[in-house]
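The sequence and the model come next.

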Amino acid sequence: MPAGRPQEHDGASQSSYRRSHSPPPPPLPVEVVPAFPPPESEGEESWVWTQIKAEARRDADAEPALASFLYATVLSHPSLPRSLSFHLANKLCSSTLLSTLLYDLFLASFTAHPTLRAAVVADLLAARSRDPACVGFSQCLLNFKGFLAIQAHRVSHVLWAQQRRPLALALQSRVADVFAVDIHPAAVVGKGILLDHATGVVIGETAVIGDNVSILHHVTLGGTGKAVGDRHPKIGDGVLIGAGATILGNVKIGAGAKIGAGSLVLIDVPARNTAVGNPARLIGGRKGDAEKDEDMPGQSMDHTSFIRQWSDYII
């Protein structure tokens, strides 16, 4: 018998030989929360919900004081719509507007309208990719009042369209009280929206906001007086509106435009142009197709590149 070969009749020796010469077992998979969202071709809702649960488990293990909250709000729920409905209901309930009623209302809307769920996911992805202070999807879901205000608005908009207007207005009032964000239920809001900080945002009844728009705090999309009818701004896709900006009247802000912080806009702003000042003036546009340009201000969050074009800017 060749040297070093175990005897065939010795079962214990053979077992020992296999254990000592077999490759080590593969390591157990480690659940890692990726830093960037997946390609649009993937199942985004399922993917994002998986990341939220992973983050919640991690945070519950690291901070026992939050474990009960994270279990009740995230880990005990089978889906993102149920978790979000539970969280919004508890945020917006009052002594007379019960959380159980609100939970059923939110969940029914998210269940009946897949477009609402797609918008929720797009808003989560927007916050995660555009806000450097956002360290995870769960942080946005649980703590970002701009995100929560937009999701509650989507439900109030559904109620408004269903002619359930007293309830839509009551929900708007609670959102304004709790989140300091006042969006009329009739306003049309696209997906991929970031309300960064969000405090003091006011959006009027006939306003329309496109997709992939970023709006900072204390922004007003308002009217110009007592006129009725179509009287509020129309915001194109990919627009960036800086903190404290005010846009009044039925004016159009073209796709890919940028409104500087503190500006007062009373006239149309062409696509891919920048408007700054009070009253705002245009300081030049950018070449290219706004519909195809990946570097849209609403997504790049570039607030200051216009400064070099503003010849009278002096420090």
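Why is strand 14 (residues 273-277) largely enclosed by the rest of the structure? Four of the five residues of strand 14 are buried, so the strand is largely enclosed. Buried here means under 20% relative accessible area, exposed means over 50%, and partly exposed lies in between, with a 1.4 Å probe and protein chains only.

This is a predicted model, in which local features need pLDDT of at least 70 and side-chain atom pairs count only at pLDDT 80 or more, while totals for chains, interfaces and linings use all residues. Residues are numbered from 1 along each chain as its sequence is written, and side-chain values use heavy atoms, with hydrogens and water left out.

**Overall picture**

The chain holds ten helices and 15 strands. These are DSSP runs numbered from the N terminus: helices are H or I with at least four residues, strands are E with at least two. Of the 315 residues, 44% count as buried. The accessible surface comes to about 16000 Å², and 56% of that belongs to carbon and sulfur atoms; the areas come from the Shrake-Rupley method with a 1.4 Å probe, and for residues only the protein chains shown count as cover. Among contacts (heavy atoms within 4.5 Å) with a separation of 6 or more, 46% are between residues 24 or more positions apart.

Five strands form an open sheet in the order 1-4-7-10-13, with parallel pairing. Strand 1 (181-183) and strand 13 (264-265) are at the edges with a single partner strand each, so one side of each has no neighbour in the sheet. Two strands count as paired if DSSP finds at least two bridges between them. Strands of a sheet pair through backbone hydrogen bonds, either parallel or antiparallel. Two parallel pairings are listed below.

| Strand | Partner strand | Bridges | A bridge pair |
|---|---|---|---|
| Strand 7 (residues 220-222) | Strand 10 (residues 246-248) | three | G222 and L248 |
| Strand 12 (residues 258-259) | Strand 14 | two | I259 and A275 |

**Aromatic pair**

Rings of Phe, Tyr and Trp (its six-membered ring) pair if their centres lie within 6.5 Å; planes under 30 degrees apart count as stacked, over 60 as edge-to-face and the rest as tilted. The count by this rule is one aromatic pair. The ring centres of W47 and F137 are 5.7 Å apart and the planes stand at 85°, so the pair is edge-to-face. The pair links distant parts of the chain, with W47 in helix 2 (residues 44-62) and F137 in helix 7 (residues 137-143), 90 residues apart. W47 counts as buried at 17% relative accessibility, and F137 is buried with a relative accessible area of 1%.
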